[in-house]
Amino acid sequence: MSDKNSKDLFDLTGKIALVTGASRGIGESIARLLADRGAHVIVSSRKLDGCEAVCSSIRDSGGLAEAIPCHIGEMEQITALFDAIKSKHGRLDILVNNAAANPYFGHILDTDLAAFQKTVDVNIRGYFFMSAEAGKIMREQGGGNIVNVASVNGVTPGHMQGIYSVTKAAVISMTKAFAKECAGLNIRVNALLPGLTETKFASALTGNPAIMKQALTHIPMNRSADPDEMAGTILYLVSDASSYTTGACINVDGGYLTV
């Protein structure tokens, strides 16, 4: 067997990885798996204590992790985050944009300006400038990987989730735009599109029996996902296993988008 064939394509040893929204849910699962595969994981979300708890657990399991808080809806916090990463590590190999906002659940006609602005600021502006700042570091070092956590709602708008769905459609388009312009810089940019997942973020859906019953009729696997079921696709997209993959938007949705 050649060295190429015997190489562990999922080994992330020596990589510096930043995961946003990583204090719980899908982001926490992603952070844990990347650390398990050898990456030094920067766990980020709005609240430091939640990040520290995840980091402590990762370190107790033998992994490498540190906490840097950041609200990606605040431009000055994005700047501070990347200044800290450059100062301490001088590089960034992986960015997973997972933090998101969904403050409004209701009819699209009743969306108020505050909910609209918060959702756009985090899900579009935040993802864009997180990707741009990470990409600048990656350009200087000769490459890297960015993965955006979008949503199946970006393809088929979710009921009573109008502005959230609009922003996730923008994330899908953003992923393709960054992928096209950054491919020549050896920066790959892809997206994960989760379906219905058991998280606090999705509790307005998963915590309502009537909504869940209706939702499951549209999911061929007839169940919601566990956050850990999203992390494997992220590992694939940030690893050498996907070395010829960029601009891909992968549905992990129990078959929802096939219905």
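Arg46 counts as exposed because its relative accessibility is 56% (buried means under 20% relative accessible area, exposed over 50%, partly exposed in between; 1.4 Å probe, protein chains only). The model is predicted: local features need pLDDT of at least 70, side-chain atom pairs count only at pLDDT 80 or more, and totals for chains, interfaces and linings use all residues. Residues are numbered from 1 along each chain as its sequence is written, and side-chain values use heavy atoms, with hydrogens and water left out.

Arg46 sits in the loop between strand S2 (40-44) and helix H3 (48-60). Helices (H or I, at least four residues) and strands (E, at least two) are DSSP runs, numbered from the N terminus.

Now turn to the rings. The structure holds two aromatic pairs. Rings of Phe, Tyr and Trp (its six-membered ring) pair if their centres lie within 6.5 Å; planes under 30 degrees apart count as stacked, over 60 as edge-to-face and the rest as tilted.

Phe128 and Phe129 make an edge-to-face pair, 5.1 Å centre to centre with 70° between the planes. Phe128 is partly exposed, at a relative accessible area of 37%. Phe129 is also partly exposed, at 31%.

Phe128 pairs edge-to-face with Phe178 as well: 5.2 Å centre to centre, 70° between the planes. This pair links distant parts of the chain, with Phe128 in helix H5 (residues 113-141) and Phe178 in helix H6 (residues 162-182), 50 residues apart. Phe178 counts as buried because its relative accessibility is 12%.
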